[in-house]
Amino acid sequence: MTAALLRRSAAFARLAGVEVDVLTFDGRPDYAAVRARLAERGQPAPGVRVRNLYERLRTEPVAPGEIAIEPDVAGLDDADGSAERETAPDGAARVELSTPDGRVRVAHLRADGSLAVLDERGRSERPRRLLTAFDADGRPVRQWRSVRACYADWIAEVAGDGDAFAIVDSKTAAPFMAHVRLPRLVTLHVVHNAHLAAPGGPIGHLRETRAEVLSNPERFDAVVFLTERQRADAATLLGAPENFAVVPNTAALPDARVTDPVADDATRDPASAVVVAGLTARKRIDDAIRAVALARDRGPQVRLRIVGDGPLADELHEVARDEGIAEAVEFAGHRPDGAEAFAEASVALLTSISEGAPLVLLEAMGRGCIPIAYDIEYGPADVIEHGRNGFLVPAGQVWALAGTIARVARMTSEERGALREAARATAARFRRGEHRGPMGGGRAGRGRAPSPRLGARGARRRVRARAAASPSPSPRHPPAPPPPWRAERCARHGRPAHAADRRRAAPFRAGLLWARGVPAVGRRDRSAGRGRADPLTVLVETDRAHAALDAGDIRPDTRTLVQRVAGRLRPHRA
């Protein structure tokens, strides 16, 4: 995600000639060192700045404001021996003090040791959290009653009075940014990973970390997905919001062109495999290790190089030992130039549980490394054409993964060379700077209720329900429209729609379910007001061309709407 946002920011600066600020909100005091490490890698590009909220509060004057609550600075002077302290090389520090009653105070100190910001958490009185900024003389000059209020003020300061665009990559920052309202600020959220809690098609449960934002997509001017397949699945689940768009990631690829793919193949060990990934549970690196062990049992003496680090490093070392291939698995650790490992290996393995659009596939393919990936949601199937420029393996099937590794190792140089050449050609379509154009959605997307679109042959029926009451507005955070009832809730209150009629000759899947302001049919929200009635639109998409929907009169009852419509689906006879 970080690589993608830095590359995108560089493209804005280079192609549009605008300055780009990358805003960070963590409290670490060593951002000077962070910039130094980025500079070693040639980042950020000219015209791109990495800025941090607490660094700004430490180093620049803060506009005065009302101080309504006396900050608790007692004991900060002698906190060195009793508190957690993180000090930067320039002397700036972050000091955390905890008390037995659960209160926490975090002091952000300037390089000269003076207090810049005091963050009081778990206060016994309201507000529960209070941030206070101090001037160089130790006088409090500004207060915020929540950390989000502090964030919002900084964003307003950076955005200024002109047109500004905020692109939110972080899923943890997105819920906050969904409520930021500035007159000339356009907000876009980029979804970097799968939105469903479990694979299995468009109808399912949203991930807990995605639910708040994606259940209310109209709060952003655009929600941007990396692949068309994920956008389509999200639109099916969430009612086809008009502000969904697709902008794929781009990759920094080597410029060198290979004129002789067979000669290129001859420079690589055909039995060499590489994984470039963080060593976390989501990446399933243990599957790659076990697949290599099984491939070696089939003949080819495959060797695996793992580039990356993470919390499962020790556990994965143990897996390699248990499989008896510790000598055939190299743990190279984290490397800034990790993508260059693809230029030496024969195949690249991707065994993740889920992805958005994995850059490692493009980086591997751009270097002629043949990808072998689990066919997961989302990403691999969008760039890999099975058997032409790489291979897709059913997710979780280690035996199939091992067989494909062994198959590639046994190919002729001509066969592997053709795969490498096709992989390079595919990656070239995603070369940095070649994806430009409108993102879709536009400013008009915010605040409009999502409108369903007919995606397949079917029928519509309407019922009426009362709209939920709107919350009281505020100047900075005006209310968004009431959230739609999503198809995701059907699976929560009853069995999934796609499993409701397995025995029918014409199986179906729930396509779009949309109701503005209706929490659930037959389960009226007690807070609902008596405003104007909004339509509940039901759409069922059929999987077969000769199926029709006979919905008849639909009346709210205790069953979910999908279950009621499901019982009326019948084969169409001419």
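Author: Start with cover. A residue is buried under 20% relative accessible area, exposed over 50%, and partly exposed in between. Keep in mind that this model is predicted.

Reader: How much of the protein chain counts as buried?

Author: Of its 574 residues, 51% are buried. The chain exposes about 27,400 Å². Carbon and sulfur atoms supply 49% of that area.

Reader: What secondary structure does the protein chain have?

Author: It has 16 helices and 23 strands. Next, look at sequence separation. Take the contacts between residues at least 6 apart in sequence: 67% of them join residues at least 24 apart.

Reader: Now the rings. How is a pair of aromatic rings described?

Author: By two values: the distance of the centres and the angle of the planes. A search of the whole structure here finds four aromatic pairs. One of them joins Phe-25 and Trp-154. Their centres are 5.6 Å apart, with 85° between the planes. That pair is edge-to-face.

Reader: Which parts does the pair of Phe-25 and Trp-154 tie together?

Author: Phe-25 lies in the loop between strand 1 (20-24) and helix 2 (31-40). Trp-154 belongs to helix 4 (residues 147-159). The pair therefore ties together parts 129 residues apart in sequence.

Reader: How do the rings of Tyr-151 and Phe-176 pair?

Author: Their centres are 5.5 Å apart and their planes stand at 75°, so this pair is edge-to-face. It links distant parts of the chain: Tyr-151 is in helix 4, and Phe-176 is in helix 5 (residues 174-177), 25 residues away. Both Tyr-151 and Phe-176 are buried. Ring pairs join Phe-25, Tyr-151, Trp-154 and Phe-176 into a cluster.

Reader: Where does the charged end of Arg-28 sit?

Author: Over the ring of Tyr-31, 6.0 Å from the ring centre.

Reader: On to helices. What does the span of helix 9 tell me?

Author: Compare the span with the one expected at 1.5 Å a residue. Helix 9 covers residues 285-297, 13 residues in all. From first C-alpha to last it reaches 19 Å, close to the expected 18 Å. Helix 9 is mostly covered, with 10 of its 13 residues buried. Among them are Ile-285, Asp-287, Val-292 and Arg-296. Just after helix 9, Gly-299 takes a positive phi of about 130°.

Reader: How many residues of helix 11 are buried?

Author: Seven of eight, across residues 359-366. The buried residues include Leu-359, Glu-363, Met-365 and Gly-366. For packing, ask which elements the buried residues touch. In helix 11 they pack against helix 1 (2-16), helix 12 (380-383) and helix 14 (413-428). They also pack against strand 16 (347-350) and strand 17 (370-374). Gly-368 follows helix 11, with a positive phi near 75°.

Reader: Last, confidence. How should low pLDDT be read?

Author: Where pLDDT is low, the predicted coordinates should not be read in detail. The chain averages a pLDDT of 77, and 73% of the residues score at least 70. Over residues 433-559 the pLDDT is below 50. That stretch has 274 contacts in the model beyond near neighbours in sequence. Residues 570-574 also have a pLDDT below 50, with 10 such contacts.

Notes:
Residues numbered from 1 in each chain as written. Predicted model: local features only at pLDDT ≥ 70, side-chain atom pairs only at ≥ 80, totals over all residues. Heavy atoms only, no water. Helix = DSSP H or I, 4+ residues; strand = E, 2+ residues; numbered from the N terminus. Buried < 20%, exposed > 50% of the residue type's maximum accessible area, 1.4 Å probe, protein only. Contact = heavy atoms within 4.5 Å. Areas by Shrake-Rupley, 256 points an atom, 1.4 Å probe, with all protein chains shown as cover. Expected span 1.5 Å × (residues − 1). Phe/Tyr/Trp six-rings, centres within 6.5 Å; stacked < 30°, edge-to-face > 60°. Lys NZ or Arg CZ within 6 Å of the ring centre and 35° of its normal. pLDDT = per-residue confidence, 0-100.
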